[in-house]
Amino acid sequence: MAEENKSSLDALTSLCKRRGFIYHSSEIYGGMPGFWDYGPLGCELKNNVKQAWWQFTVRGREDVVGLDATIIMHPKIWKASGHLDTFADPMTMCRDCKKLMRADQIADIYAEQKKKPQPKAAGADFFCPYCGGELTEPKPFNLMFKTVVGPIDDPSNVAYLRPETAQAIFAQFQNVTDTSRQRVPYGIAQMGKSFRNEVTPRNYTFRSREFEQMELEFFIRPDEAVELQYGRVVTLADKPDLDGPVQDDWGWEVWHKYWVEQRKKFLNAVGLPTERFVEYWQKPDELAHYARACVDIEYDFPFGRQELEGIAARSDFDLSQHQKFSGESQAVFDDPLKQACKKLTDAQKAAFVDKVRKDLAARGKDPAAAEKFCAGLFDGKYVPHVIEPSAGVDRLMLALLCEAYEEQKIAGEKGGEDVRTVLHFNPKVAPVKAAVFPLVRKDPAQEKMAREIFEKLRRKVNCMWDVSGQIGRRYRRQDEAGTPWCITVDGQSVQDGTFTVRDRDSMEQKRMSYGEFLAMMDEALEF
Ligand code: ATP
């Protein structure tokens, strides 16, 4: 889609409201900042995005299984994960206009202001981007929503709405491993609601307080286990084939890159072309202390380039933390590893421990841990490492809406120029797959046949029936909803059973039989 046709966010939000994609939550009471509801078309789009992710990530693979955990979990989970102590944003308040804001977003908010305020105090470089007033010292503000479980409102009953879906996967890792017949390397995926009490929810649904995530924790062997078992660890320098089947001798670096590539394939498949997003590889000083690498996939939203999703190599941090806080072992037993280690001499084992000790020291870790870690490996035991592709449903939906939106100038029916508003969704995520109409509403034979086609098709996919207004208007209504195909039953249809299929993007019409249409649609919807 041409750049000049890209929407402003205002035009998109107005279409989304008008056509029932997105509404303010609790609108009749004035709304709630950071909370959004999805209307009839929005919830279809959302379901399709989630279904596409599930198909691509879970059902389409043999090495990933699913989980659906509760939103409220034992509060110790958040202590172990670090969220209780460190999941905070720096918050500041303007002493004059009393607005609250994130200290690290002040420059962005300032840039967005049409009328730039000047600092009220001469020379101040940290001032309110709304009124120029004096700001308070930034203080950390924990983003987790608190609640109380049970009837007694006591600190001992405090629990939290999960700020991410990932932790439940770690907490259930042993159960899933015991019951799914999966062995590392394998992944557990979960989709669902997450809650963050964002200081300044902004940019439409981009930063909400209640949102959905689609997260995969893909558990891998530590590189040391791979080396012991296969005598080598494949790195990116070996130029592994990331499009082919996954390999047991891949090290963490290859697995991480593999998942970055998988995520890009998924985004392409649902309608985001590669040239519309960029990979941002976090610099060593930006990484969390436990992370070995993290890539943000960023998209050019109308309000700037922002993170769409992230793919992090998180080492064994999460499972080790849960092991420490719960007292329950999170190690797995890997018999082939144990058998491979049995063949090593004592000297070979000692040399290996020495190597691990040096590696740990080089990575700023405690070299004294090498002995215990290696003893576990020689016995076939380790705590798995993890690669985490983590995506937001709402953020992806917003990107898909921005990408799909176009105002096209076309020749008007009565001469002159007309504007056609289209959502060019990929058919896989389009809320409505097909609309069915009789060309002439008052023609009983056309209406009967169109209705029969509609009833048959709606058993397979979401369809719409529309008989009101001129055919051109009906097409336009479907263009705005992003419906890829409009089926029109006309005089010839009644004679030979064929109908016209109008393509949303090219606006061309082709005559087809029902079977031909189904074959074309199935191909477009398949992953
Ligand atoms: P950001 O830096 O934008 O706050 P983050 O790095 O904290 O995001 P993660 O904790 O890695 O985000 O969450 C993974 C994904 O969940 C994000 O890439 C995003 O798609 C989604 N997400 C996170 N916070 C929000 C939010 N407040 N509203 C909507 N989606 C969100």
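Trainee: Which strands each supply at least two residues of the shell around the ligand?

Mentor: Strand S10 (210–220), strand S13 (304–313) and strand S16 (385–392) do. Strands here are DSSP runs (E, at least two residues), helices are runs of H or I with at least four, and both are numbered from the N terminus. This is a predicted model, where local features need pLDDT of at least 70, side-chain atom pairs count only at pLDDT 80 or more, and totals for chains, interfaces and linings use all residues. Residues are numbered from 1 along each chain as its sequence is written, and side-chain values use heavy atoms, with hydrogens and water left out.

Trainee: How many residues surround the ligand?

Mentor: 14. The closest are Glu-198, Arg-207, Ser-208, Glu-307 and Leu-308.

Trainee: What lies 2.8 Å from an oxygen atom of the ligand?

Mentor: A polar side-chain atom of Arg-196. For Arg-207, a side-chain N or O atom is 2.7 Å from a ligand oxygen. Arg-395 has a polar side-chain atom 3.0 Å from an oxygen of the ligand. A polar contact here is a pair of N or O atoms within 3.5 Å.

Trainee: How much of the ligand does the protein cover?

Mentor: 80% of the 590 Å² of accessible area that the ligand has on its own. That area comes from the Shrake-Rupley method with a 1.4 Å probe.

Trainee: New topic. Where is Pro-185?

Mentor: In the loop between helix H7 (173–180) and strand S9 (186–195). The peptide bond from Val-184 to Pro-185 is cis, with omega near 5°.

Trainee: What about Arg-181?

Mentor: Arg-181 lies in the loop between H7 and S9. Phi of Arg-181 is near 60°, a positive value in a residue other than glycine.

Trainee: Last one. Which residues make the contact between H15 and H18?

Mentor: Ile-453, Lys-456 and Leu-457 of H15, with Tyr-514, Phe-517, Leu-518 and Met-521 of H18. Contact means heavy atoms within 4.5 Å. By class, that contact has 6 nonpolar, no polar and 1 charged residues.

Technical notes. Near = heavy atom within 4 Å. Polar contact = N/O pair within 3.5 Å; in protein donor to acceptor, adjacent residues only side chain to side chain. Nonpolar A, V, L, I, M, F, W, Y, C, P; charged D, E, K, R; others polar.
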